[in-house]
Amino acid sequence: MTYPVEIRSCPALRLAGLLNIGPYSGLGAAYERLSRLVGDRRLWPRVQGAASIGHDNPRRTAPEALRAHACFIVTEVAGIAPPLDEIRYPAGRRAVLLLTGPYDGLPEAYRFLMDRWLPASGERMAGPMPFEIYLDAPGTRPEAALRTEIHLPLA
């Protein structure tokens, strides 16, 4: 399987994230907690999108030990306080893979990007971990039409 990948010059991002430990497939519960916190703190007007960061390779880390942040992209004026973590991605070049379809297709898309596209591209990964940006919210489109971007920071 191949996926469209393009190299983009991307702006800096500021994320408000909630750490989750466990299988990546369980990140939905972390988004529910994150959404409640954002609502309680009246941050919704400062939210610009949803993202996530998987910190561990599921091929090397046991499912119960996987670390991930469920995140919202937020403006600079959004107040971020524990238990939320502030995570920043600097502006720069990124390889952006577009996955169209259900989230259970993400592992295969990551394998393509990291194991096939990156070595063949002549590019090098740089900076923080790759992350996902969800272009559609679940329930707003059929699952087969959901769009997710995987952003890989490049040197």
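**Exercise 1.** Is Arg-8 buried, partly exposed or exposed, by its relative accessibility?

*Solution.* The model is predicted: local features need pLDDT of at least 70, side-chain atom pairs count only at pLDDT 80 or more, and totals for chains, interfaces and linings use all residues. Residues are numbered from 1 along each chain as its sequence is written, and side-chain values use heavy atoms, with hydrogens and water left out.

Step 1. Buried means under 20% relative accessible area, exposed means over 50%, and partly exposed lies in between (1.4 Å probe, protein chains only).

Step 2. Arg-8 has 26% relative accessibility, so this residue counts as partly exposed.

**Exercise 2.** State which residue forms a salt bridge with Arg-8, and classify that partner.

*Solution.* Step 1. A salt bridge is a side-chain nitrogen of Lys or Arg within 4 Å of a carboxyl oxygen of Asp or Glu.

Step 2. The partner is Glu-6, and the closest N and O atoms are 3.5 Å apart.

Step 3. Glu-6 has a relative accessible area of 43% and is therefore partly exposed.

**Exercise 3.** Locate the salt bridge between Asp-56 and Arg-67 in the chain.

*Solution.* Step 1. The closest N and O atoms of Asp-56 and Arg-67 are 2.8 Å apart.

Step 2. Asp-56 lies in the loop between strand 3 (47-54) and strand 4 (67-74), whereas Arg-67 lies in strand 4, eleven residues away. Strands (E, at least two residues) are DSSP runs, numbered from the N terminus.

Step 3. Asp-56, at 16% relative accessibility, counts as buried; Arg-67, at 37%, is partly exposed.

Terms used
Helix = DSSP H or I, 4+ residues; strand = E, 2+ residues; numbered from the N terminus.
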